[in-house]
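Dear colleague,

Please find the structure below for your files. My notes on what was found in it follow directly after.

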Amino acid sequence: MAELIFRTGTMDAGKSTLALQTNHNHAARGRVGLIFTTKDRAGEAVLSSRLGLTHQAVEVNPDFDFWKHVVQSLTAGARIDYLICDEAQFYAPAQIEDLAKIVDELQIDVFCFGILTDFRTKLFPGSARLVELADRTEVLQVEALCWCGKKATHNARTENGAMVTEGDQVVVGDVVEDADVRVAYEVLCRQHHRRALTAARAKAVSLAPEPLPFG
Ligand SMILES: Nc1ncnc2c1ncn2[C@@H]1O[C@H](COP(=O)(O)OP(=O)(O)O)[C@@H](O)[C@H]1O
Ligand SMILES: Cc1cn([C@H]2C[C@H](O)[C@@H](COP(=O)(O)O)O2)c(=O)[nH]c1=O
């Protein structure tokens with residue numbers, strides 16, 4: 001039976017790497033797959049991992065029709081055993097529903113990869129629909145860490161080095177600790193996300209001079 005699988009984790013957890021490994025492992029056994037992504041940091045129509053691997057992909061725009069694309073390919077004689085779908089948090093809920101239909105009606109495995117929540121800790125609509133529809137939702141085993149050493153569970157957005165909790169849900173960016181980068185991201189544990197305590201702020205606080213003792 002084909003399956004819809006959602007593999008999730010914070011930013012920088014290794015999702016795109018796993019997407020490329022999944023493709024490699026299936027292709028190595030003679031299975032034929034299609035690769036999709038959207039808004040990858042490396043540019044349009046490319047799936048990139050921070051480990052340096054990249055693969056050409058179909059860019060999923062808001063009006064992209066998965067069902068039509070797959071049915072047209074099959075009708076033209078192509079073989080499709082599986083789909084790899086990266087940055088799936090950005091897909092529209094209707095596109096996720098089409099992926100579920102592809103699994104059920106065409107018996108094609110669909111492997112989705114993406115983050116669950118945004119910088120405000122709110123679910124992305126695409127990820128919410130995946131959690132609702134997937135046969136399995138798996139959290140990546142390789143854990144990204146908060147600066148304190150605990151497992152990172154949340155994605156923080158920084159603007160000019162300071163954590164923000166307001167703004168557009170979608171802003172493409174990377175995890176970098178550099179106050180000169182206008183918009184960046186940092187993974188944190190819940191406690192430090194709640195307190196807006198990023199690595200830079202924690203360092204600044206720990207370097208602040210001790211107040212003079214009174215009396
Ligand atoms: N120089 C490096 N050496 C070893 N591993 C690295 C290096 N740079 C990045 N990584 C690994 O790559 C992971 C990020 O991979 P990536 O697939 O781009 O993440 P995601 O798609 O989840 O944002 C990091 O968590 C780390 O494990
Ligand atoms: C938290 C958050 C992230 N994004 C963007 C930033 C990146 O371009 C991607 C995540 O990519 P990764 O491969 O998982 O590192 O999502 C965003 O647009 N809004 C957010 O709130």
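In these notes, buried means under 20% relative accessible area, exposed means over 50%, and partly exposed lies in between (1.4 Å probe, protein chains only). Helices (H or I, at least four residues) and strands (E, at least two) are DSSP runs, numbered from the N terminus. This is a predicted model, in which local features need pLDDT of at least 70 and side-chain atom pairs count only at pLDDT 80 or more, while totals for chains, interfaces and linings use all residues. Residues are numbered from 1 along each chain as its sequence is written, chains are lettered from A and ligands numbered from 1 in the order in which they are written, and side-chain values use heavy atoms, with hydrogens and water left out.

Two strands are taken to pair if DSSP finds at least two bridges between them. By that criterion β2 and β6 pair in the parallel sense over 4 bridges, with G33 opposite Y82 of β6. Strand β7 (residues 109-114) also runs parallel to β6, and 4 bridges join the two. C85 has C112 of β7 as its bridge partner. Between β6 and β7 the chain passes through helix α3 (residues 93-106), and this β-α-β crossover is right-handed; the term applies if, with the strands pointing away from the viewer, the path from the first strand over the helix to the second runs clockwise.

Aromatic rings

Rings of Phe, Tyr and Trp (its six-membered ring) pair if their centres lie within 6.5 Å; planes under 30 degrees apart count as stacked, over 60 as edge-to-face and the rest as tilted. The whole structure holds 6 aromatic pairs. In one of them, F36 and F64 have ring centres 5.8 Å apart and planes at 55 degrees, so the pair is tilted. This pair links distant parts of the chain, 28 residues apart: F36 belongs to strand β2 (residues 33-37), and F64 to the loop between β5 (58-59) and α2 (66-75). F64 also forms an edge-to-face pair with F66, at 5.0 Å centre to centre and 85 degrees between the planes. F36 is buried at 0% relative accessible area, F64 is buried at 16% and F66 is buried at 0%. Together with Y91, these residues form one aromatic cluster.

Residue T8

T8 lies in strand β1 (residues 4-8) and is buried, with a relative accessible area of 3%. Its C-alpha atom is 5.0 Å from that of V139, 131 residues away along the chain. Beyond neighbours within four places in sequence, T8 has contacts (heavy atoms within 4.5 Å) that include K15, G114 and V139.

Positive phi values

Most residues other than glycine have a negative phi. Q107, which is not a glycine, has a positive phi of about 55 degrees; Q107 lies in the loop between α3 and β7 and is partly exposed at 41% relative accessible area.

Yours sincerely
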